[in-house]
Amino acid sequence: MKDSNFLKENNARHMWHPMAHPADSMANPPAIITGGEGVHIVDVDGHRTIDAVGGLWNVNLGYSCKAVKEAVTAQMDALPYYSTFRGTSNDKAIELSYLLQDFFAPDGLTRSFFTSGGSDSVEVALKLARQYHRIRGEGTRTKFISLEKGYHGTHFGGASVNGNSKFRNSYEPLLAGCYHIPGPYLYRNPFGITEPEALAQQSAAMLEREIGFQGANTVAAFIMEPVLGAGGVVPPHPTFMKLVREICDKHGVLLIADEVITAFGRTGDETGSRHWGVQPDFMCTAKAITNGYFPFGALMIHGRVAEVFEGSKGEGSVDSGYTYSGHPVGAAAAVAAVEETMRIKPWENAATLGPKLRAGLQDLARRHDIVGDVRGEGLMCAIEFVTDRKTKAPATGAAPLAFQKAAYEDGVMVRVSGNNAIFSPPLVIDQSHVDKILSATETGLNAMVAA
Ligand code: PMP
């Protein structure tokens with residue numbers, strides 16, 4: 001490994017980071033991570049912390065998952081690459097599709113289309129949704145509706161259905177025909193509603209209103225995260241996704257569940273859709289499918305949607321795909337990670353420890369006025385920073401960064417996004433890790449007041 005000074009200097013000089021200003025690496029040098037073990041990471045200076053971010057919501061099984069490491073090494077020896085474009089396939093991709101249809105069968109999702117990551121999975125879902133209607137003779141259905149604050153990756157289609165102007169404005173004009181409705185974000189909602197179920201009904205009514213306003217015969221799909229992730233971890237009331245499913249069915253609109261974060265256990269169930277008792281038409285997955293060890297994604301397709309393509313003539317041809325769709329090393333990593341996931345059932349731990357983490361965060365909120373809201377489902381949680389609880393003015397700028405820095409120095413990596421601190425630790429943490437995450441969070445909160 002190059003020494004610490006070399007890495008810091010060259011990071012600042014030559015490397016541009018996603019979701020960051022290119023000059024920021026100089027002003028706020030990133031933590032340079034060089035090692036990982038269990039639920040811990042180690043930086044270039046040897047500082048060891050609990051990774052309460054779980055990589056980027058993806059290292060669900062931690063950094064020492066031997067099964068995935070061995071599968072990757074063995075596959076590199078056997079076959080490091082072969083494509084799955086028409087006319088060829090590879091054994092690991094086939095094995096993975098067999099395993100996934102088993103894992104996702106309760107969600108009705110029996111076909112996989114492999115991708116290189118979450119943004120790719122979203123992009124192909126949007127395309128196939130339009131194509132589905134076209135095959136059925138409803139080619140006027142081209143529009144997409146999504147939630148404000150939703151995050152659906154960075155490609156042009158995904159950015160167009162993204163519900164956060166920060167990820168949209170620099171790249172406009174985006175895809176035409178994408179519309180947004182206010183989501184079930186209780187802490188800040190434009191209706192002044194304070195009761196979660198009433199807000200779920202109101203948000204669902206907004207969806208139906210928008211479909212009607214656009215004309216149902218022009219709407220291809222509604223896309224949503226079962227629990228909004230990057231937008232600040234916003235769990236809806238348990239009735240919301242069911243209401244959405246009913247409205248979509250009533251108007252012939254497809255439902256795309258973007259489960260890039262929520263599939264494979266994070267919400268406390270195998271998938272977010274199952275958590276809410278809903279079968280989507282498409283499910284976008286990536287991230288934890290390989291435990292984060294290899295870039296890979298899978299768009300899962302419901303049997304009833306798949307049959308429309310499979311029973312069609314030429315118009316059902318999937319004229320989209322990636323060089324790395326079904327990459328054998330990625331597929332081997334995914335087979336091992338999904339098998340480990342099915343064996344360990346980490347959603348059970350997420351369902352037990354998530355509420356404990358949230359209770360601890362709520363306790364901190366009672367003592368620290370800067371915390372305006374605590375939210376979460378399973379092991380995805382957020383605290384929202386405000387300068388004033390009455391006005392709910394967001395605390396941004398130096399204060400959240402001071403929080404992150406102090407928590408990190410105290411031994412816990414937490415991610416700050418806007419005025420939210422986000423917690424998505426590996427699902428294999430135990431109570432002692434939860435306790436440490438809470439004590440470092442308190443250190444961070446104390447540092448914010450001083451900042
Ligand atoms: N959808 C959701 C819900 C996500 O959280 C993300 C990534 N955070 C994406 C899509 C994009 O995935 P990727 O970064 O792998 O392209």
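Helices (H or I, at least four residues) and strands (E, at least two) are DSSP runs that are numbered from the N terminus. The structure shown is a predicted model, in which local features need pLDDT of at least 70 and side-chain atom pairs count only at pLDDT 80 or more, while totals for chains, interfaces and linings use all residues. Residues are numbered from 1 along each chain as its sequence is written.

**View 1. The chain as a whole.** The chain holds 15 helices and 16 strands. Its radius of gyration, taken over C-alpha atoms, is 22 Å, close to the 22 Å that the globule rule (2.2 Å times the number of residues to the power 0.38) gives for 451 residues, so the chain is as compact as a globular protein of that length. Along its principal axes, the C-alpha trace spans about 65 × 60 × 40 Å.

**View 2. The largest nonpolar core.** A nonpolar core is a set of buried Ala, Val, Leu, Ile, Met, Phe, Trp, Tyr and Cys residues joined through C-beta atoms within 7 Å, and a residue is buried if 20 or more other C-beta atoms, placed from the backbone, lie within 10 Å of its own. The largest such core has 120 residues, and those with the most contacts inside it are Phe 282 and Ala 333. Helix H12 (residues 328–344) gives the most to this core, with nine residues. Not counting residues up to four places away in sequence, Ala 333 touches Val 68, Ala 71, Val 72, Thr 290, Tyr 293, Phe 294 and Phe 296, contact meaning that two C-beta atoms, placed from the backbone, lie within 7 Å.

**View 3. The surroundings of Tyr 151.** Tyr 151 lies in the loop between strand S5 (143–147) and helix H7 (156–161), and is buried, because 26 other C-beta atoms lie within 10 Å. Leaving aside neighbours within four places in sequence, Tyr 151 is in contact with Asn 162, Asn 164, Gly 229, Ala 230 and Gly 231. The C-alpha atoms of Tyr 151 and Asn 162, eleven residues apart along the chain, are separated by 5.0 Å.

Terms used: Buried ≥ 20, exposed ≤ 12 C-beta atoms within 10 Å, placed from the backbone.
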